[in-house]
Each structure stands twice: as C-alpha cells, then as structure tokens.
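Open the model in your viewer and keep the selection panel at hand. This short tour says what to select at each stop and what is there.

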Amino acid sequence: MSTRKTWKILIIALGFISFASSPLSAQESWTFVSTPDFLNVDIGDLTKYAQNHLGPNSFSNDWSNAVHSFLEALAAENPDFVAVAGDLVMARWFLDGTFRGIFGPKLGENDYNVRALAIEEQRIKNAANFYFGELKVFFDQHGLIPYIAVGDHELGDDYSWDADHQSDVYGATYGRETVEKHRQIFAQNFVVPFFQVIPEGLASGSATYNGGPAGGQHANTAYAIQHKNLLLISVDVFKQTAPSAPVTETVDGAQLAWLQQTLALASADPSIDHILVQGHTPVLQPVPKRVSGGLALRGGANSAFWKTLLRYGADIYLAGEVHDIDVDRKAGQDLFQISHGGILGFPNATSKVPGRGNFVSYVVGEVFEDKIELAVKKIDLHFPNGSTTGRQNSSIRLFQSGNPTTAMVTEFSLV
C-alpha cells in the first residue's frame, strides 16, 4: 500500500470532494458510484409473478421511467461498479399474508388461520427472489454491477423489529423471527455468487478478498472485494442475540475479528492503495435526515468498529439510512464518513437543509493511485400537482407487500 500522508479535503456544496495526498501527479484513473437507499421500496411487475394478478401493482410506467432515468445517470458516469449501502427494497414481505396473500396463503383463508413460521419464511423467500430478480434486471439493462451491503429493509425493516409493532393487529408478529431468513435470501442473491468457483456478478478487475467472517450470522453478508487498487469492504451492521431478540446496530464478534484481519492484510498489501468501507448506518453523529428512523451504529466514534477502521487506515466510510447528504470526520482523524442517498417516490421527503428540496443523490468516485476524487450529485424530483404527501388518492399508491398504508406516488419524474 502507498505510504499514507496527510489527507486534504475540499468541499464545494453538493459538488466536489477531493481526498488527496500531496504532491499530485497525472495518472490513469477508474470510476465507481455509490447510491444507497435510492429505492427503499419493492419494485416489480406482479403480472410476471402471479397469474391473472388483479389490483394494485408494485410497478408503474412512471416508476419504470424514473428508475431507468436514474440508472442511466449512473451508467453515464461509466462506473466499474456501483456501491449500495443498503435499502433497495421495502421487504415487509411477511405481512403479505395479512393483506394480500400474493407470495403465500392469506391468513384466514384455506385453513391458514394461525401463523406458521415455516410458511412465513417461504413467503419471504418467494417475495425476495421475485423483487431481487427484478432489481438485477434493472441493473443488468444498464450494464451496472452492484456491490450491496445489507440495510435494515433487506432484513424486513427496523419498523417491524420494534416491540410496539409486534402485534397481530398489524401482522408483524414475525418481524424479529424472520430477520435471519431475510438475511439468508439476500446473501444467496447478492453475496454468495462472489465466492463460487467461477464468481458471478464481479466487475472486470474485481476479486474477492479474504473470504468472509468465519461463522456467525454475518458469515455470508459481510464481504471484501478488491477492485484494481481499491479494497471495498461491506459490513452487516445488524445483530441479533436470538431469533426473537431485538436487533442492534453493531459490528462485533466474528465479524469484527474478520474486519480486523482483512484490514491488516490490506494495509500490508502493496497492490491496495485505498480502503473504502460501506455499511448501512452512519457512525458519526449528528447527520441530517429526512423520512428516516435515523438508525446509527451503537457507540459511534467510540465503537470498536470505528476504532478498527482508524487503526488500520481506512480512508472512507460510506453510509446510507438518512436519505440526505453529509460529510464528516473527527478532528485530527483521516477517516471520512459520507452519508448520502435518496429516496424515490416520497414527495414528503424534503430535506431540512435549506435549498436541497426533494432529491435523490449519488456519489461518483474517481480513483487514482494517490487520491480519490468524489463528486456528490443530486437529481431533483418532480411530483404531480404539487403533491406533498402522495395521499390525495389511494390510486396513486404503489402496492407494497402487506403494507397498504405506505404512500408512494406512482406519478413522478426526475428533473
């Protein structure tokens, strides 16, 4: 690894960020993009899944156009890969049996009168494979290769983990009990293929690095990929001590040990110039947020996770969750946290930061041997008739499995 020097940072509002060692020289470069949370919803044409499907769909022409337009913007940056720090789906799929029964039997019909965990897990598998498959098609159509970290929505959404929402009235009884099934199906779709004899889904110039944690619940959802002269480490920041226990935001145990080992190897590896880490939740606080529960890593800057990143010279930590834009670091430290992302289809997701409005954002990273230059870009959203909540008419709600109250407009565009 190149000798680490004093890092400089230049920030122009919603514009350009440069991490660079001095002096600089002209070099070849390559590009990645980062875009957590840009969906946060289930997108897929249910007429492909359920024969003769009637009723609200998880798909519309406006959504299709908006998603394709956004991915076209990413593709125009000519990235080698797309880093996604979580939350591409809604994933409250175990609720489907309460309201629709598309991915499994509906509660109260055909003798399915008492919830069974095995049936709910099969429902999750059916829905996950469908919606993840739809996502893969979107990325594939634009020639984009995603490296995705687990967000709370990939695990059923933190709303469903809250003790106040563990009720049969809403149907969230299995919110905590099905976290591991969500995690398993996510891994099978987006992580396990990296580690096959013939890796699938890896960008040209990428290779898996140091396997994954040696056991534990994060064995298949934390991973490291070396792409050219950069190491990308994706961590799974969500932990349960038991299937029915609360979910906490932390990196410890086997995952922390693997992270330490991976960083130590990378620090001594002359082929790696930069270390980029992505995890769903921010560590440093406070950060701006909009339409977000504001999950954050326990312990913040005093956590073993953050201290480990500092000890081994990680350069950048990319986070999502907050749906807004923030760049931060502790005084005297060279490790920067970049929280960013967007959230399509939620007209009430207006930033509290003056002048930002409603938008979706992404980061473009240009990687050189001795620096990474980051441009933060945002695309404004336009909603019909000046909509501010998307609740004027139930017909403009995009169907979400078992979640009929979520208000996401179906008519909007990127401007």
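Predicted model: local features only at pLDDT ≥ 70, side-chain atom pairs only at ≥ 80, totals over all residues.

Strands of a sheet pair through backbone hydrogen bonds, either parallel or antiparallel.

Next, select strand β11, residues 274–278, together with strand β12, residues 316–319. These two pair in the parallel sense, over three bridges. Show Val-277 and look for its bridge partner in β12, which is Tyr-317.

Keep both helices on screen. Two packed helices are described by the angle between their axes and the distance between the axes. For α5 (residues 253–267) and α6 (residues 304–311), the angle is about 10 degrees and the axes are 10 Å apart. That angle makes α5 roughly parallel to α6.

Which residues meet here? From α5, show Leu-256, Leu-259, Gln-260 and Leu-263. From α6, show Ala-304, Phe-305, Thr-308 and Leu-309. Six residues of this contact are nonpolar and two are polar, with no charged ones.

The next stops are in loops. Most residues other than glycine have a negative phi, and most peptide bonds are trans. Go to the loop between β11 and α6, where you will find Pro-286. A cis peptide bond joins Gln-285 to Pro-286, with omega at about 0 degrees. Then move to the loop between α1 (61–76) and β4 (82–84), and select Asn-78. Asn-78 is not a glycine, yet has a positive phi of about 55 degrees.

Finish at the second largest pocket. How much space lies in this pocket? The value is about 310 Å³. The elements that give two or more residues to its lining are α3 (117–141) and α4 (179–190). Select Lys-136, Asn-189, Phe-190, Glu-200 and Gly-201, which lie nearest the pocket's centre among its 15 lining residues. Colour the lining by type: eight residues are nonpolar, four polar and three charged.

Notes: Residues numbered from 1 in each chain as written. Heavy atoms only, no water. 1 Å grid on protein atoms, 1.4 Å probe; cavity = no way out; pocket = protein on both sides within 12 Å on 5 of 7 lines; lining within 4 Å. Points joined across faces, edges and corners; volume = space filled by probe spheres on them. Helix = DSSP H or I, 4+ residues; strand = E, 2+ residues; numbered from the N terminus. Nonpolar A, V, L, I, M, F, W, Y, C, P; charged D, E, K, R; others polar. Axes fitted to C-alpha atoms, helices over the stretch in contact; angles between N-to-C directions. Parallel < 35°, antiparallel > 145°, perpendicular 65-115°, else oblique. Contact = heavy atoms within 4.5 Å. Pairing = 2+ DSSP bridges.
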